[in-house]
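Visitor: I would like to learn how to read helix packing from a model. Please start with the terms.

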Amino acid sequence: MDNLTVLYPACPAAIGRWDCEGLVSYLCRLADLHRVSVDDLVNRCLAVCSGYNFRIWRHFSWWNRNATISVFTEGRTDRLTSALALATGVTAVATLSLSKLSSALDLRGMASHVERHCPQCVCEMPYPEAFRPLLWDIGIVTACPRHGIRLVPSACGSPPELHLSLWCRRQVAGICTTCGRLSFKCVGVGVEKATREEMWLAKNAGDVIAAVSAGETFSVERVRLGVISMANRIGDGRPYRAALVCGFSKARLFDWMKGRRPIKFAPFMALCAASGSDVLSALRGQPSDAETSTFRYSCHAKLSAYPVTAKREEHIRAAFADPDCPSFSSVARSLGIHRTTLEREFPAEAALLIERFKQKRCAATATRRAAARIAIEHAIAVLQRDGRPVSRRNLFLESGILVTNGSRFEQILLELCLPVNEC
Amino acid sequence: MKKLLLSEHSRKISIEERINFAKLTRDQACLLPADQKLRYFFSLQVSHLKLDRVEANINQHLGPYSDARILTLIGPPGAGKTSFAENAIANRMRSSERGQQPFLFVAAPAHGSVQIPWSAVYRKILESGQEPLIDHKRATVIEGDRVVTRGPRVSLDSLRSAVESMLRHRGTRLLALDEVLHLLRFNNTEAVMDTLKSLADATDSQLLLIGSYELFGLVTTYAQVGRRSEILYLDRYRRYIRDDEGMQVENQADLNEFASVISRLQKRWPLEWIPDFSEVCADLLDATLGIVGLLKDFLMQCLVLQIENGGKWKSAFVRKALKPASVLSGIRREIESGEEILTKAGYAQFSFDNEVLERIESASAHAM
């Protein structure tokens, strides 16, 4: 059985295509095929295969919080890739991230910090065949090239009572992790048509992913030549004029053209858009003519116009009248400004709102504790009636309440039943 | 000399080792150390007529175009069913593709419990497939439009689901379950057969159930499986048969084949001094009930005794190596009652007699 791999040699989806599967999506799919959690697979299996202590990465929801590993994170993407390739014997795993592009471009800040999906793609790819394209993890991409609609945030839209306990959650593509709804049906965001600029970005980023996943490699020198050529084309022989057109500083452009530092993906795309160049040919060092776009680079998301004082006062009054007692941060967020800015302007109102929010939260905690106490009392009574030991395990099986160390249930359990069988 | 322990050597020979042993000449085998000599002789597999017939039958029913989902291999104890599945079929179905395991062999466990030990069976299947993290399997359930993990780790559902996934993703085409009677003796045959059938259906693999004669009755009474199952019988050699007139006559074909098996095993004898059993083939057939597995056991015992005696052969070893009459009569009773079951059930009897076949042939000839 020499050729038997530790993990199934599952084929990554859509290799060589724009919708190529991301590395973390493949990992999640593999864990699902083995019927184990992603953490167990990584900490107990991959760690043994590769000899790297993945436990120091902590929980999956922690190390995957910014979805940057699928794009590229130094020290993590390559480790995960090599461990997966070793355990599955599938060498194509190496092409599931943009790791190979890291030698040509600066990939920092390229990933989207918000998990997003295409509402139509997730409906067309039902579980368990569903996978998550790498394209959705790229920050500047906001549209689906297949359906021409905008990507929507995958944040769960179900009410808290429908949220699953941590034990019951599944980290699988195409499913809301928080409530388990298939195809993110809990996300109540309407479908919006993507603009021409968004489609241009999505298609070109998809072309880059397709090329990387097909095994093509790019060099930093070729990319530099491409940048010079495109800057010259935009400035009509005066390359530094391209900085103003594209939206970045001349100093940065100088660095990129002189090879002082590699260019990032977003400004590179802005150069391609402004010069009307094909992205792939530009990465290869010889930009060829293609469709132009209005996409321009901006280093930060622009804040909306600062709201007038009357509007600010109106929002604060509305917050006082709101029976749900919103937090002060949420009021500031609704105005599109930072909470410290608002607090500085309305210190007394801010203090009152914060106090009100804290009181409400305390009351909610007390209510939850009381509800949990009733549920645990009931479960203990059932266990004692059936003659079963009152252990955490039996309590979980009976009531679904997972009494972990330090949780709000632990104190209640200790009060009700001392000592607790720990098995 | 240190006493040789035969049990330590049995069933611990990998396919690669078996192939290496098969390549050795007798002279090379004679140079092996004592324990390796035993392993060498134990690893030898002699093909014979009855086994070839079963192999041809199995080959016919294996593969994606076969409708038979459940194959049942029955035969007398010691006939070599397990060894045939473990080695011949495993060797035939080996895959060079990385991560694939087209054949899995599992011995159904007996735990002495009052319930069918399904979790132990699933665990055994997972262990046989070298599945990682068996103690961390979790069941995923689709409840309406939600996908959730339910129940504790290593629940029956999670193990079953893991087995299905493993068989599917390891490309397992044949799952052999030995000692199936351990599962079927709970007087709940239908439930067991239903479970096995659904496992075969869900994974698109074929099941090979291995057991003794009792398995025949249990499998044939289950109609759901009967339609899509095949029963393969590994018969023994017989010294006497009845002719057309019902007279008992010597079965020369079986005697010759049995003699040939003995001769081939003698030719691989890993010691200088080879005992000659050619003159007593018919008696050996009687003493081993015509079962090649029992013959091999007898020869192995002879080899152990000869090695312990410094390589010198004594005819007194035969008496020690043969099974006692009481044991043999027990096995004989079991075999005869099993053969009676087969005869009563009409095994290998077909609805169409020769006359019907002749009519089909003549009609086909006219059509040409």
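Guide: Two residues are in contact if their C-beta atoms, placed from the backbone, lie within 7 Å. A residue is buried if 20 or more other C-beta atoms lie within 10 Å of its own. Helices are DSSP runs (H or I, at least four residues), numbered from the N terminus. This is a predicted model: local features need pLDDT of at least 70, side-chain atom pairs count only at pLDDT 80 or more, and totals for chains, interfaces and linings use all residues. Residues are numbered from 1 along each chain as its sequence is written, and chains are lettered from A in the order in which they are written.

Visitor: Which residues of α4(A) are buried, and what do they pack against?

Guide: An α-helix has 3.6 residues a turn, so residues three or four places apart point the same way. In α4(A), the buried residues are Thr77(A), Leu80(A), Thr81(A), Ala83(A), Leu84(A), Ala87(A) and Thr88(A). They pack against α1 (23-33) and α2 (38-50) of chain A. After α4(A) comes Gly89(A), with a positive phi near 75°.

Visitor: At what angle do α7 and α8 of chain B pack?

Guide: Two packed helices are described by the angle between their axes and the distance between the axes. Here, axes are lines fitted to C-alpha atoms over the stretch in contact, and angles run from 0 to 180 degrees between N-to-C directions. Helices α7 (residues 118-128) and α8 (residues 156-169) of chain B pack at about 30°, with axes 9 Å apart. Residues meeting there include Trp118(B) and Tyr122(B) from α7(B), and Leu159(B) and Val163(B) from α8(B).

Visitor: How many residues does each chain give to the contact between chains A and B?

Guide: Chain A gives 33 residues and chain B gives 24 residues. On the side of chain A that touches chain B, the largest share, three residues, comes from α2(A).

Methods. A residue is buried if 20 or more other C-beta atoms lie within 10 Å of its own, exposed if 12 or fewer, and partly exposed in between; C-beta atoms are placed from the backbone. Helices (H or I, at least four residues) and strands (E, at least two) are DSSP runs, numbered from the N terminus.
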